[in-house]
Amino acid sequence: MSPNGQYIFHQTWTPKDFPNGKPPPRKRSCTYCQSRHYACDKEERHPDRCGNCQAAGENCVYPTR
């Protein structure tokens, strides 16, 4: 809330706010992490499966667009 008692809403981003004119790409989560609302870390840690799938013994599959 702002000092005058008004609520501050989320800022609207415009293309000029980003260096190349486009927002950065969103990270994708595998289907297992999406279904459990977990943070998927495949790109950061593991070459073949994310840490959550590896710990649960699940196949790490990414949805197609």
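Mentor: Let us start with C60, which counts as buried because its relative accessibility is 15%, below the 20% cut-off for that class. Please keep in mind throughout that this is a predicted model.

Trainee: Where does C60 lie along the chain, and which residues is C60 in contact with, leaving aside its neighbours within four places in sequence?

Mentor: C60 lies in the segment after α3, the helix that covers 51–56. With those sequence neighbours left aside, C60 is in contact with C30, K42, D48, R49, C50 and C53. In space, the C-alpha of C60 is 7.4 Å from the C-alpha of T31, although 29 residues separate the two in sequence.

Trainee: Which residues make up the largest nonpolar core?

Mentor: The general idea is that in soluble globular proteins nonpolar side chains tend to be buried together. Here the largest nonpolar core has seven residues, namely C30, Y32, C33, C40, C50, C53 and C60. One of these members, C33, touches Y38, A39, C40, C50 and N52 when residues up to four places away in sequence are not counted. As for the protein as a whole, 18% of its 65 residues count as buried.

Trainee: How many aromatic pairs does a search of the whole structure find, and how should I read the geometry?

Mentor: The search finds one aromatic pair. That pair is formed by Y32 and Y38, whose rings are 6.2 Å apart from centre to centre, with 65 degrees between the planes, an arrangement described as edge-to-face.

Trainee: Is D41 buried or exposed, and what lies 2.8 Å from a polar atom of its side chain?

Mentor: D41 is buried, since its relative accessible area is 12%. The backbone nitrogen of G51 lies 2.8 Å from a polar atom of the D41 side chain. D41 itself belongs to the loop between α1 and α2.

Trainee: What can be said about H37, which is found in the loop between α1 and α2?

Mentor: That loop runs between α1 (31–36) and α2 (42–45), and H37 counts as exposed, because its relative accessibility is 75%. For its backbone, look at the phi angle, which is near 60 degrees in H37, a positive value in a residue other than glycine.

Trainee: How many helices and strands does the protein have, and where is confidence lowest and highest?

Mentor: The protein has three helices and zero strands, and along the sequence they follow the pattern α-α-α. Where pLDDT is low, the predicted coordinates should not be read in detail. In this case the average pLDDT is 79, and 74% of the residues score at least 70. Confidence is lowest in α2, at a mean of 69, and highest in α1, at 94.

Notes:
Residues are numbered from 1 along each chain as its sequence is written. This is a predicted model: local features need pLDDT of at least 70, side-chain atom pairs count only at pLDDT 80 or more; totals for chains, interfaces and linings use all residues. Side-chain values use heavy atoms; hydrogens and water are left out. Helices (H or I, at least four residues) and strands (E, at least two) are DSSP runs, numbered from the N terminus. Buried means under 20% relative accessible area, exposed over 50%, partly exposed in between (1.4 Å probe, protein chains only). A nonpolar core is a set of buried Ala, Val, Leu, Ile, Met, Phe, Trp, Tyr and Cys residues joined through side-chain atoms within 4.5 Å. Contact means heavy atoms within 4.5 Å. Rings of Phe, Tyr and Trp (its six-membered ring) pair if their centres lie within 6.5 Å; planes under 30 degrees apart count as stacked, over 60 as edge-to-face and the rest as tilted. pLDDT is the predictor's confidence in each residue, from 0 to 100. A polar contact is a pair of N or O atoms within 3.5 Å; within protein, one must be able to donate a hydrogen and the other to accept it, and residues adjacent in sequence count only if both atoms are side-chain atoms.
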